[in-house]
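The sequence and the structure come before the description.

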Amino acid sequence: MPVISIMTTKGGAGKTTATLLLGTGLAEQGADVCLIDADPNQPLVRWAEEANLPSNLSVVGSVTEENIIETIEEQSAKVSFVIVDLEGSANLSSGYAISSSDLILIPLQASKLDANEAAKTLKFILRQSKTTNKNIPARVLWSRAPAAYQTRSGRDMGTQFEEAGISFLNTRIVEREAFKGVVNFGATLADLTEDQVPGLDKARVNAAAFVKEIIEVLREARK
Amino acid sequence: MTSGKISLDLDEFKPQPVKIDADSRAQIREASDNAGFTGRHAVTKTKPISQPVSAEQGEGSEVKRRGRKRTTGRDVPFTVKLRRDTNNQIYDLADQLECAAIAEVIEMALQALTEKIARGEPIR
């Protein structure tokens, strides 16, 4: 516990990046973390094959709708944080993951296509909450956002979501070379060097704020 | 600038098994289907769908050998901002030299520059 699922039906929204930043950030704080790769492309598994994984961070791959519940059940009994990275499609695995989760994150870029898919995902979460009679907190996360400003379309979208009672994380994951570097170099933000990617300091501050806010949201949800 | 180092007290978050019973699973599956969340992972094939065709098979039998794609070894992206006239010059040279890729112009330019340096000729 807790189980955090990162999902949206849109591909390329930043799910895997958010999973890696959160997972490695929590592991750096000393927590035992398991990342569950439920994306058929297995991006986390491929990352783990090259990465110098800390001993308290594990990655479980080949997870499908057939075994996702058992995998979450097994890992939640072993580690403090289970993070599930789901495929960017409307799939049954997401349904199972939602019902097992303490928090759901929906990465969103400021495009209409992303917003439509995020809205579809949120409706699905609401529906599953009713089905299982369990209130599942969900937060939309601005991902791959411009560093210096919020675009007009982003502001408009944010307003519409908030008017519909949907909460955003205050922290935005900014589009940064350093975050791509985590994947490209099979590293963690802590391991990367300025020779490999620029702007590491800002990226680390951004990732740390993201991890800290997730913990605050989890604490709030436990009250 | 801060270093991005944080210190969080995570002691309250302990392993705690999640349990989803069979009835709940059935409900979730039904609700997912009704919501259009019907995607299933593809079943992994244990054997490739078609066997690769060897060169001998292709030449001697009716099975045609596919044309081999020429590999260039160019697999590193290179993005750079240029002045418009420099950009035009590269494309003009590519046309003039009938290059198959813009990379060829850059490779030839580098070769020419390297030779010029080796001959001790002034560069700028």
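Across which strands does helix α3 of chain A lie?

## Helices on the sheet

The model is predicted. Helix α3 of chain A, residues 68–76, lies across β1, β2 (33–38), β3 and β4 (81–86) of chain A. Relative to β2(A), helix α3 runs at about 175 degrees. Helix α5 of chain A, residues 112–132, also packs on the sheet, where it touches β5 and β6 of chain A. The direction of α5 makes about 165 degrees with that of β5(A).

## The sheet

The sheet of chain A is open and has six strands, in the order β3-β2-β4-β1-β5-β6, with parallel pairing. At its edges stand β3 (57–60) and β6 (138–142) of chain A; each has a single partner strand, so one side of each is left without a neighbour in the sheet. From one strand to the next the twist averages 20 degrees.

## Strand β1 and its partners

Strand β1 of chain A, residues 3–6, pairs in the parallel sense with β5 of chain A, residues 103–108, over three bridges. Within this pairing, A:Ile4 has A:Leu103 as its bridge partner in β5(A), and A:Ile6 stands opposite A:Leu105. β1(A) also runs parallel to β4(A), and four bridges join the two. Here the bridge partner of A:Val3 is A:Val82.

In a regular strand, side chains alternate between the two faces of the sheet. In β1(A), A:Val3 and A:Ser5 point one way, while A:Ile4 and A:Ile6 point the other way. All four of these residues are buried.

## A:Leu122 in helix α5

A:Leu122 is found in helix α5 of chain A. Is A:Leu122 buried or partly exposed? A:Leu122 counts as partly exposed because it has 19 C-beta neighbours inside 10 Å, and a buried residue needs 20 or more.

Beyond its neighbours within four places in sequence, A:Leu122 is in contact with A:Ile106, A:Ala138 and A:Ile166. A:Ile166 is 44 residues from A:Leu122 along the chain, and their C-alpha atoms are separated by 8.6 Å.

## Contact between chains A and B

The contact takes 39 residues from chain A and 30 residues from chain B. On the side of chain A that touches chain B, the elements that give two or more residues are α3, α4 (92–100), α5 and α8 (200–222) of chain A. The largest share, eight residues, comes from α8(A). By type, the residues on this side of chain A divide into 19 nonpolar, 13 polar and seven charged.

Definitions and conventions. Residues numbered from 1 in each chain as written. Chains lettered and ligands numbered in written order. Predicted model: local features only at pLDDT ≥ 70, side-chain atom pairs only at ≥ 80, totals over all residues. Pairing = 2+ DSSP bridges. Axes fitted to C-alpha atoms, helices over the stretch in contact; angles between N-to-C directions. Contact = placed C-beta atoms within 7 Å. Buried ≥ 20, exposed ≤ 12 C-beta atoms within 10 Å, placed from the backbone. Nonpolar A, V, L, I, M, F, W, Y, C, P; charged D, E, K, R; others polar.
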